[in-house]
Amino acid sequence: MSGIYARALQVNIPALMHLKPLPMSEQPVVAIIGGGLSGAGVAYHLARANCGEPPVIMVFEPRAELGRGIAYDTDDPAHRINVPAAKMSLQPDDLGEFQAWIEARDAVADDPGARQSDGTLFPRRRLFGEYVASLLKPLLEEGVVLHNRARVIGLERRGGRWSIQDDKGGVTEADIVAIATSHPPPAAPGRLAVSLAAHPRFVADTTKPGALGVIGRHDRVLVIGNGLTAADVIASLAERGHDGPVTAISRRGLRSRGHAPVLQQLFGDFVSDAAHSALALLVRIRADIEAAKAQGISWHGVIDQVRAQGHELWQALPVDERRRLVRHLRPYWDVHRFRIAPQVEAVLDTAVAAGRLEILAGSVADARIEGELVVCSLQPRHRRQSLERSYDAVVVTTGPAHGGILETQPWLAALAASGHLSLDPTGLGLACTEQSEAIGPSGKAEPSLLISGPLARGTFGELMGLPQVTEHAFFVAGEIAAKLRLIMESRHPA
């Protein structure tokens, strides 16, 4: 059980006292902006929480179903969950629920590749979205949760409440708002975005439906980035029959690692005497990996322990050390923490063995369009001489640009300009308190504006994968429920 989940019912009483009591005749309204896993999780747990009086729970999400978001709204058969199904759930205290849901429905009967030889399941990613949607369905049918299929375009503070404008022309007044928007899209290196924008096979955002459809079967492909998204792209191309050469380039040339052949026990203790610098933490992790190896435990057990204790570890680091960790160690953490599914790993291994996939450490120094080709100047790491290569297609997979979230959502930028939001100093998303309350440029918290999911990772640390996202959704729901109870008590004092 993580620190976030264990603290889920703690209440920030001083902050709650700043909430304006609701008029006696009004039912409290909670608006959740974003209906992916984070937003759907907050809605689900809030609907089941003791709020004093049932609130109106409205989720703004343009997709047809809640719970999918970018990650789980995909029909691509190559897209698989990268965590065993037995460890994925919307319930923090029942990690096996998703697998039980699968078994009860025989949901992988048409996907023989989902089950590994040891019985673990890595089903297609869309199936987890179906599971989350199925949990929300009865709440939607009963009207406990409302799904507003609209995109938010404006959020303002007016008369003690929040006024939400959507792209369908609607205006909603809410008392509490949870921002649970998806990751910002990847950001192509500035010069490439300009110089290659006109090329028909320059794919700057792989999350757009059909984005890879422009790539031909025999095309030479340059993939910029080498993490989970790059692995997905390469696996998707292989699924489509692509047999052309692929170069995956990233600054350090680090390829995402796979899972251990067998389950590894957790190893190490990183919180009893927590490190207060990025270097000290790195030294301790390396030492524990060696100690674990001597006991027959792979590095997976150590990294999983770091992840499990991640919230406490992050809190022990001063802001400057958090920045140092993000700047220097994040790429190494990402490739060990965010592992690829065995099916995807097999595709990459096969492509490397066949000479069709080249993993290159370096950067794209320059690129230009020549006819139908993209001519790139690649600068390998630790080499002065650059390489000139020609490609038929270029795909950007550099990962979410969390530091650019304000630029990708104009209403968030306006909210920051009006003093209600600010970027986290680590560059990992939006600033918030330990209660997940948004922090404005002045350093003042907004008790009725909360941040849920990966955009809060600058404060909470590990918030990119399950079960941490689920636990944080439960935590945020608990914070909102506590605020609502206090409001109800102010209406009806004993």
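Tutor: Buried means under 20% relative accessible area, exposed over 50%, and partly exposed in between (1.4 Å probe, protein chains only). The model is predicted, so local features need pLDDT of at least 70 and side-chain atom pairs pLDDT 80 or more, whereas totals for chains, interfaces and linings use all residues. Residues are numbered from 1 along each chain as its sequence is written, and side-chain values use heavy atoms, with hydrogens and water left out.

Student: Why is L348 called buried?
Tutor: The relative accessible area of L348 is 4%, which is under 20%, so L348 is buried. L348 lies in helix α14 (residues 342-353).

Student: Which residues is L348 in contact with, leaving aside its neighbours within four places in sequence?
Tutor: They are A231, I234, R255, I340 and L357. L348 and A231 are 117 residues apart in sequence, yet 7.4 Å apart in space, C-alpha to C-alpha.

Student: What makes a set of residues a nonpolar core?
Tutor: The members are buried Ala, Val, Leu, Ile, Met, Phe, Trp, Tyr and Cys residues, joined through side-chain atoms within 4.5 Å. The largest such core here has 73 residues, of which F98, F128, V177, L421 and I480 touch the most other members. Helix α18 (residues 468-491) supplies the largest share, eight residues. A second, separate core has 24 residues, including V223, A230, A235 and A351.

Student: What makes Y72 and F128 an aromatic pair, and why is the pair called tilted?
Tutor: Rings of Phe, Tyr and Trp (its six-membered ring) pair if their centres lie within 6.5 Å; planes under 30 degrees apart are stacked, over 60 edge-to-face, and the rest tilted. Y72 and F128 are 4.9 Å apart centre to centre, with 55° between the planes, so the pair qualifies and is tilted. The pair links Y72 in helix α4 (residues 69-72) with F128 in helix α6 (residues 125-141), 56 residues apart. Y72 and F128 are both buried.

Student: How do you know that F98 and Y131 form a tilted pair?
Tutor: Their separation is 5.2 Å centre to centre and the planes are at 45°, so this pair falls in the tilted class. F98 is in helix α5 (residues 97-105) and Y131 in helix α6, 33 residues apart. Y72, F98, W101, F128 and Y131 form one aromatic cluster.

Student: What makes α10 mostly covered?
Tutor: Nine of its 10 residues are buried. Among them are W299, H300 and G301.

Note on methods:
Helices (H or I, at least four residues) and strands (E, at least two) are DSSP runs, numbered from the N terminus. Contact means heavy atoms within 4.5 Å.
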